[in-house]
Amino acid sequence: MLSHFDIVVVGGGHAGIEASVVAAKMGARVHLLTLLIENIGLASCNPAIGGLGKGHLVKEVDALGGVMGVLTDMSGLQFRTLNASKGPAVRGTRAQIDMDAYRINARNLVLNTPNLSVSQEMVEGLLVEGGAVVGVKSALGKEYYAKKVILTTGTFLQGLVHIGTHRSQNGRFGESAAVALSLNLADLGFEMGRLKTGTCPRLVGTSIDFSQLEAHGGDLTPPKFSHYTKDFNPQQLPCFITYTNANTHAIIRQNFHLAPMFSGQIESVGPRYCPSIEDKVYRFHEKERHQLFLEPQTRSCSEYYVNGLSTSLPFEVQEQVIHSIKGLEHAQITRYGYAIEYDFIPPTQLKYTLETRQVGNLYLAGQINGTTGYEEAAAQGLMAGINACLSLQNKPELVLRRDEAYIGVMIDDLVSKGTQEPYRMFTSRAEYRLLLREDNARLRLGAYAYALGLMGDAEYNALCAQKAQIQSALERLKNTAITPTKEVLKRLKDADQAPLNDKCDGVFLMGREGFSPDILPEFLDFVTELEPFILEQIKIECKYHDYIAKQSASIAKMAQMLNTPIPLDFNYQSITGLGLEACEKLEKFRPKSLFEASQISGITPANLEVLQLYLHLHQKLKKTPHESH
């Protein structure tokens, strides 16, 4: 019996969950194939969601109708705002999660989503006809036919686990690697690469001496991830801080020759921003200690994850290392740290929709694209699911720009630049991060969710009303003139505010640190009546008013530039400073505009600026003879 679907999703990790659920919500008939149903949504590495840059992705996923934020709020053990003392653009929400609860909640959500079916099978190959995928074939020999296929295979493609000199072919420790599918992708003509990541040891909770450790709690007012979470009042648990020491480092140095990263056993590149403890001791030899976070993996606190101690040293060395650390002298290891190498597909082979260029109707999301992290995977899965559905519905694709979302930044980075190491999101990657804050994710992306059918009428109308209130209040503030009279100066002084030397508008005052509209209610009474969320948005907009205006002007200039047409016979070879690769790609694809050129993999913003300059000169030279008559 043949099985026919609109979309087949391969892999039940964070990318697979978002891809399958959003596609089902948009009306597609979806089937999810995963190795173990009980491991849908498993936190393979650290039991945490969010962080700097990553928290932005989770909020954007939530704004577009995804589920990671909801699942995190349901499963959280501790919630914090990182960089709380800094500006709102670089703050990040982070939550410790009960990894068992998250997995169970994710599995139950998937199994109870209308239009979505699930089966536990390994996929061994793609069914391809006429250059396009038409389905997949499982290890059981069963064929699943679909109009679109989304691969979210994580670290399973020819996964190889390393603990010391011991190697085993696994996608995660204890789970089978997907060897045949990786070979099949290579046979289809995909360029394949190899990356490495790692994980930390886990310890029995009762074997840790917490009296020697520093407790680290969540925020008194815990921040939530999802707009849809109501009555949020989680019972929070502490994490604990300890440190490596000179003895720890000596043990590691004595065993460098047994570390796969140093012995030559591992040749692939690992994540730069999450190095192993071996790498940290080697590269930062002057440091006397490295901080470690002990994170509870579940509400029962039966196991703790030793964040900061990623390692692939032999098991007996890992035991020595753990026992050399304060508070862990008698700790029992339940799961040893390990490194894993796996195949990925360099993402320059993708379109901006995450559909592959090599095979039609095939989409890739998550670590198969060279990223690392649950949040990066979820965001890609969501966009792959959305674009697969839009294509089925013969509707325009959804490609978020760099000035619209961190998701847009990430996908543009991957598709246009590629990656030679596991890609991780940071706020520093976004040029327009004052506009792309966590707090305004729904304001930025809500219209897309509504257009996709992922937000209801009542909710969208409420969102539009909020946006209108913010805009109206900002306009009134711009038109509110405040003169530094004696009474005004006295009130500012009483409120510990700096005096005014000249007449100013309401935007200037509202942008001051610690300023409240209650100080001058006769000028700002319309602001005091607004709900807290609206008031907070207004304060942020006022505080960064000049910077936001500059970024908005820059975006407008870029948009105008991208509309610049390119003659079909334009000579790219005549442009010095463009680069050989850029010339070859532009000659091959012959884009009609700078926007089309920007969509070509490998064409950088610098290439576009050079091209615009020459197009401008080209246009002037064409006009010159005509103007001389």
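Predicted model: local features only at pLDDT ≥ 70, side-chain atom pairs only at ≥ 80, totals over all residues.
Local features need pLDDT of at least 70, side-chain atom pairs count only at pLDDT 80 or more, and totals for chains, interfaces and linings use all residues. Residues are numbered from 1 along each chain as its sequence is written, and side-chain values use heavy atoms, with hydrogens and water left out.

**View 1. Helix H13 (residues 457-478) crosses helix H17 (residues 532-543).** Helices are DSSP runs (H or I, at least four residues), numbered from the N terminus. The two axes come within 10 Å and cross at roughly 45°. Axes are lines fitted to C-alpha atoms over the stretch in contact; angles run from 0 to 180 degrees between N-to-C directions. Contacts (heavy atoms within 4.5 Å) join Gln466, Gln469, Ile470, Ala473, Leu474 and Leu477 of H13 to Phe533, Ile534, Gln537, Ile538, Glu541 and Cys542 of H17.

**View 2. H13 packs against H16.** The angle is about 170°, with the axes 10 Å apart. That makes the pair roughly antiparallel. H13 contributes Ala473, Arg476 and Leu477; H16 contributes Leu524, Phe526 and Val527.

**View 3. Buried residues of helix H16 (residues 521-528).** Seen down the axis of H16, the buried residues fall within an arc of 115° (directions from the helix axis to the C-beta atoms), so they line one face of the helix. Their cover includes H13, helix H15 (506-510) and H17.

Terms used. Helix = DSSP H or I, 4+ residues; strand = E, 2+ residues; numbered from the N terminus. Buried < 20%, exposed > 50% of the residue type's maximum accessible area, 1.4 Å probe, protein only. Parallel < 35°, antiparallel > 145°, perpendicular 65-115°, else oblique.
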